[in-house]
Amino acid sequence: MAGAAPDGAGASRSEIYRGNGFRLMLPVWAFIGIFLLLPVVLMGVYSFLTKEFRGGVTWDFTLAAYDQFFFDRGLFGDEPPKIEWTYIGIFWRSIWQAGLATLMCLLIGFPTAWFIATRAPRARSAWLFLVTIPYWVNLLIRTVSMKFLIRDNGPLNEFLLWTGAISEPLSLVNTNFAVQLGLFYSYLPFMVLPIYAAVERYDFALSEAAADLYAGAWTTLRLVILPVVKPGIVAGSILVFVPSLGAFLAPDLLGGAKTFMIGSLIEEQFKGSAGNWPFGAAASMILLTIVMGVLLIYARNQTKGGR
Amino acid sequence: MAAKTDLRRFTGFLPVTILCLVVLYAPLIVVAVYSFNASTSITVWGGWSLDWYRDVFTGPEAPKFRQAAINSLVIAVSAGAAATIIATAAAVAMNRTGAFRGKTAGFALINLPLMVPEVVTAVASLVFFTAIGFTTGLATILIAHITFCIPFAYLPISARMQSVSDSYEQAAMDLYATPWQAFRLILLPLMAPGILSGFLLAFIISLDDFLITNFVKGAGVETLPTAIFGSVKQGIKPNIMAISTLMLGVSVVLVSLSWLIGRVGQSQQKQT
């Protein structure tokens, strides 16, 4: 998703320490291989095991977790299976929320990235720095701060009441909008940075050519600029959408029971009293499959489109 | 010459940029201001005071937060350092050893923590540590943090290494330096800005983590984010705002530092 290709350009093709490559990669295998790849595989196995009460599993193979996710067999499990909409609904809402948050990031992030990329070269890095600073502040603290600002008797409502824009406090916390705002706040720089990089490479001769042919500014934006910087927009959208989908803090703190998302559903299976590890593992596997699917489609389009 | 319209300008883009900055900064500024509130209520403004900062350091919850802060710092420094060493080795392998077996797989592995959703990493880690009978606690937090910090340390280190030509190391080896000497005496000093920003990035990422830590921390062990989360669940209290403002200050200082180091690195590069 991020990072340079293994065979980047120029000096990176050096072979000066030839023969040591495998050894130097061993620590990476030791950590990411053993403590991430292997655990993810094990989690996949757990999703097919039987749940034990109060957390944990017993090693009996079953499809019960996936069955519980997709089908409703009544209270005693003896009725004919109907499709269970609860969990599919939670996933669907998460996709929807993450999508709207991505759209919000795009609508605000594109003009911002464009504005920054068209400043004088020296000013650009200062502007970029300004946009990225909040990202480096602890995510929990940012989310709590957002909740503090938009709560019913919080500073935002006081300010709006004082200006006379509203006559009653807006109740924003525990709404879908609050969750989207929280996700927007969490991941905005991921949208701005790739679009900025694309706009910076944009050749303004194209805009001149469009203007010579009597295209207005907005026509040029729609027909010339957007298609050219599209790779940046797509990359930014994926970088925002993917972490939003499995986000936990923003939905948990800014949303209520009505805005329950995948992250909270999974967390509950491992923390709450209703713990069900195989079911949590199954939900995680389904989330992982969706995310890997999105990334795979993106990667395939990247190589197909060429550069 | 007729008045030329600026093709780079779109009406409305400046206001959107300003709106963007307001949305980004308003919550942080508001919390920072309210952390100096003299009133015990978070809603009413009672004038300026440092009461809540005093409460953070000497109040009834002070020992809890002090221990959490120490845990967070110890983990962030150790995980950041370990991830930086591992990422530097990986960057040398990827950029300076030519082709070798498992290179593509290794590169995918480095980026794996960025692709797996955080909540999935958290669940997988918990399941794994439980399955192998590892007691959850500081050690499990540290292992998990090293793992997900590696790609963040790798990005600036690898980028920097790509921009440093290997001719200096080649010259050193022509003068009978061993590969290890060439690496330690030539490449490492040239890489210093990249390694430092890699470490800072990993450090901040470790300090930032809530979700994975919350799954693998075990009973009774807290880091700052998990302690704050536990407290916020019962409502936002003024002492939380004081802690938040302190952490905000630390983040801003560290990021500014890393930015300045990056700038120094860039200007050095232009000279060479």
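The paragraphs below go through the build of chain B and then through the aromatic pairs of the structure. This is a predicted model, in which local features need pLDDT of at least 70 and side-chain atom pairs count only at pLDDT 80 or more, while totals for chains, interfaces and linings use all residues. Residues are numbered from 1 along each chain as its sequence is written, chains are lettered from A in the order in which they are written, and side-chain values use heavy atoms, with hydrogens and water left out.

Chain B holds 11 helices and zero strands, where helices (H or I, at least four residues) and strands (E, at least two) are DSSP runs numbered from the N terminus. The radius of gyration of chain B, taken over C-alpha atoms, is 23 Å, well over the 19 Å that the globule rule (2.2 Å times the number of residues to the power 0.38) gives for 272 residues, so chain B is more spread out than a compact globule. Along the principal axes, the C-alpha atoms of chain B fill a box of roughly 80 × 70 × 30 Å.

Of the 272 residues in chain B, 55% are buried, a term that stands for under 20% relative accessible area, with exposed for over 50% and partly exposed in between (1.4 Å probe, protein chains only). Among contacts (heavy atoms within 4.5 Å) in chain B between residues at least 6 apart in sequence, 72% join residues at least 24 apart.

The aromatic side chains come next. Over all chains, a search of the whole structure finds 38 aromatic pairs, where rings of Phe, Tyr and Trp (its six-membered ring) pair if their centres lie within 6.5 Å, and planes under 30 degrees apart count as stacked, over 60 as edge-to-face and the rest as tilted. The rings of A:Phe31 and A:Phe35, with centres 5.8 Å apart and planes at 50°, form a tilted pair; these two residues are four apart in helix H1 (residues 21-46) of chain A, and are therefore separated by about one helical turn.

Another tilted pair is that of A:Phe159 and A:Trp162, at 6.2 Å centre to centre and 35° between the planes. Because A:Phe159 and A:Trp162 are three residues apart in helix H6 (residues 155-163) of chain A, about one helical turn separates them. A:Phe159 counts as partly exposed at 48% relative accessibility, whereas A:Trp162, with a relative accessible area of 71%, is exposed. Ring pairs also link residues of chains A and B into a cluster, made up of A:Phe110, A:Trp114, A:Tyr202, A:Phe204, A:Trp218, B:Phe10 and B:Phe13.
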